[in-house]
Amino acid sequence: MSGRDLFCQPRRIRRGAALTLVFASVLVAGAATGSFPETERTDRKSSSESARLAVPADPQEDVAEAAEEAVADGTSPMEAAERAVSRSGDRWGAVYSRGEYEEFEEALDGQYTGVGLWARRERDGRIEVTKVSSDSPAAAAGIRRGDLLRSVDGTAADGRPVTEVVSLLRGDATDAGAGTTVRLGLQRGTRAWTETVRRARLSTDSVTVRELAGEITVIKVDSFTKGAGDQVRDAVREAPAEGGVILDLRGNSGGLVTEAVATASVFLDGGLVATYDVDGSQQALHAEPGGDTSRALVVLVDGGTMSAAELLTGALQDRGRAVVVGSRTFGKGSVQMPSRLPDGAVAELTVGHYRTPSGRGVDGRGITPDLEVDEGALRQAETVLGGLGD
């Protein structure tokens, strides 16, 4: 398991039911594209806008009433909403503080507050730094890949889930912002030392590109943040004309649905990407015409491929545009609606589900690859791509 101080799951929803940060942002996409009915826009600091849906549903009414009663009683509306969401049985229901939701939305816009390092937990429980972003506070402090992160602000990191360590790095418990400091206990070989770094506003690097032998271009999309679709399009345009593409969506927890659709448009010449229902109303998402439909394409997925990434995978698979290689995806195909509480917190409850172009439901099922591979998936993808090229 690995993580970074970018898409840290807010501390109040890290309870199994909310394993992803992102498909709830389908509402952000809906407001931007006009795909969802909209009655009111919520204020936010980032460039996209979230929409409230006029969807009458008892669980939503229960949450709203619980929050209003808490205000009248002089108690916390956020805590009351959390209890109501828990009672609703909604697997993906969640409540965010104002600060958590703002961080969430800013991350989807391609920015976040952190120190700029990735980490994973080793089998012995130790937390190892796997990557340090260039021009980040972690890089300026001399932290390197392979260093062990032993503590964060005096709290031992060993044995903790990566998500908790990431939360400590970001300072979620205190809503720490850019400019605040965090003390890291580090180890490199036999050397142990403490480094104090200052958190900063950083840009995400959600799309990376590399070339393999045989004119194969691997495009890795970690999450569908703002602009990801354009980055994928640019990578395809710059790829060798006769070469194939491996679209690596392993570990992609989702993101802005508009960006997933934009990525589908890179490889499709228009047509259906997905359908979704909200309060019984059926809607559809379509690709833009003019995509590259001739280049050989393989999509890599695993159990960490979620939400909008599953929507994209299902579209390319159903449309016969790509061969999907890897292991079954996570299975989150639900749509959440955000609504503001009296104290500025945000409650989200499930209001619908999406389906692939052939009508397959994803929620609780996931996407089954055309070629199921646990080990050596990238090598298998190269082999399949070679066959497609022939």
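This is a predicted model: local features need pLDDT of at least 70, side-chain atom pairs count only at pLDDT 80 or more; totals for chains, interfaces and linings use all residues.
Student: What are the ground rules?
Tutor: Residues are numbered from 1 along each chain as its sequence is written, and side-chain values use heavy atoms, with hydrogens and water left out. Local features need pLDDT of at least 70 and side-chain atom pairs count only at pLDDT 80 or more, while totals for chains, interfaces and linings use all residues.

Student: How many aromatic pairs does a search of the whole structure find?
Tutor: Two.

Student: Why is the pair of tyrosine 96 and tyrosine 101 called edge-to-face?
Tutor: Rings of Phe, Tyr and Trp (its six-membered ring) pair if their centres lie within 6.5 Å; planes under 30 degrees apart count as stacked, over 60 as edge-to-face and the rest as tilted. Here the centres are 5.4 Å apart and the planes stand at 65°, so the pair is edge-to-face.

Student: What makes lysine 131 count as sitting over the ring of tryptophan 118?
Tutor: The test asks for NZ of Lys or CZ of Arg within 6 Å of the ring centre and within 35 degrees of the ring normal. The charged end of lysine 131 lies over the ring, 4.6 Å from its centre. Lysine 332 sits likewise over the ring of tryptophan 92, at 4.6 Å.

Student: Which residues does valine 273 touch?
Tutor: Contact means heavy atoms within 4.5 Å. Leaving out residues up to four places away in sequence, valine 273 touches Val261, Ala264, Leu285, His286, Ala287, Leu311, Ala315 and Pro357.
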